[in-house]
Structures are given as structure tokens and as C-alpha cells.
Amino acid sequence: MTKEEAQSILEQLRNKELESYTVTKKDFLDFRSVLVAQDDVKSFRGNAQHGGAAIYTYEPGWTK
């Protein structure tokens with residue numbers, strides 16, 4: 001996964017174009033490096049799955 005692909009996915013989640021996105025174990029570190037650089041990083045929620053995948057959703061305010 002490229003940084004541009006990860007950024008595009010995050011934008012689609014943010015704009016509600018995607019309800020959720022599953023990141024594979026192979027792509028996790030690339031995706032995460034882009035995710036943690038976002039101003040609204042705490043609005044993204046990751047749910048770990050068996051086998052190393054994670055499902056990400058955009059839920060502003062979920063940490064409050």
C-alpha cells in the first residue's frame with residue numbers, strides 16, 4: 001500500500017464514502033504511518049481481527 005492509497009482511504013472514511021475499511025496484516029504498518037499523521041487520528045477507530053487484519057471506521061468523538 002502506498003501513502004497515497006492510504007490517504008485516499010482515510011479521506012473516503014472521513015467523507016462517509018466508505019463505511020469501513022479492512023487493512024491486512026501486510027499493509028498495516030504502511031497504513032498506520034499515514035493514519036497517525038492525521039490531525040483527527042483519534043476519530044478513526046481500529047478493531048483488530050483474528051489473523052492480523054484490522055477494520056477501521058471513522059467515528060468522531062468516540063474517545064470522549
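Mentor: Start with the radius of gyration, which is taken over C-alpha atoms; the globule rule is 2.2 Å times the number of residues to the power 0.38.

Trainee: How do you know that the radius of gyration agrees with a compact globule?
Mentor: For 64 residues, a compact globule would have a radius near 11 Å, and the chain has 11 Å, so the value agrees. The C-alpha trace spans about 30 × 25 × 20 Å along its principal axes. This is a predicted model: local features need pLDDT of at least 70, side-chain atom pairs count only at pLDDT 80 or more, and totals for chains, interfaces and linings use all residues. Residues are numbered from 1 along each chain as its sequence is written, and side-chain values use heavy atoms, with hydrogens and water left out.

Trainee: What makes a stretch a helix or a strand?
Mentor: Both are DSSP runs, numbered from the N terminus: a helix is H or I with at least four residues, a strand is E with at least two. By that rule the chain has two helices and three strands. Their order along the sequence is α-β-α-β-β.

Trainee: Why is Arg14 called buried?
Mentor: Buried means under 20% relative accessible area, exposed over 50%, and partly exposed in between (1.4 Å probe, protein chains only). Arg14 has 18%, so Arg14 is buried. Of the 64 residues of the chain, 30% count as buried.

Trainee: What makes Arg14 and Glu11 a salt bridge?
Mentor: The term requires a side-chain nitrogen of Lys or Arg within 4 Å of a carboxyl oxygen of Asp or Glu. For Arg14 and Glu11 the N to O distance is 2.5 Å. That value is within 4 Å, so the pair meets the definition. Both residues lie in helix α1 (residues 3-14), three residues apart, about one turn of the helix. Glu11 has a relative accessible area of 32%, so Glu11 is partly exposed.

Trainee: How many salt bridges does this rule give?
Mentor: The count comes to four. One of them joins the side chains of Lys26 and Asp27, at 3.4 Å from N to O.

Trainee: Which of these two, Lys26 or Asp27, is exposed, and which is buried?
Mentor: Lys26 has a relative accessible area of 69%, so Lys26 is exposed. Asp27 has 13%, so Asp27 is buried.

Trainee: What is the phi of Lys16?
Mentor: Lys16 has a positive phi of about 65°, although it is not a glycine. Most residues other than glycine have a negative phi. Lys16 sits in the loop between α1 and β1 (21-23). Its relative accessibility is 57%, so Lys16 counts as exposed.

Trainee: Which residues is Ile55 in contact with?
Mentor: Contact means heavy atoms within 4.5 Å. Leaving aside neighbours within four places in sequence, the partners of Ile55 include Ser20, Tyr21, Thr22 and Arg45. Ile55 lies in strand β3. Ile55 and Tyr21 are 34 residues apart in sequence, with their C-alpha atoms 5.5 Å apart in space. At 26% relative accessibility, Ile55 counts as partly exposed.

Trainee: Where is Ser20, and what does it touch?
Mentor: Ser20 is in the loop between α1 and β1. Not counting residues up to four places away in sequence, Ser20 touches Leu13, Ile55, Tyr56 and Thr57. Its relative accessible area is 34%, so Ser20 is partly exposed.

Trainee: What share of the contacts in the chain joins residues 24 or more positions apart?
Mentor: Such pairs account for 52% of the contacts with a separation of 6 or more.
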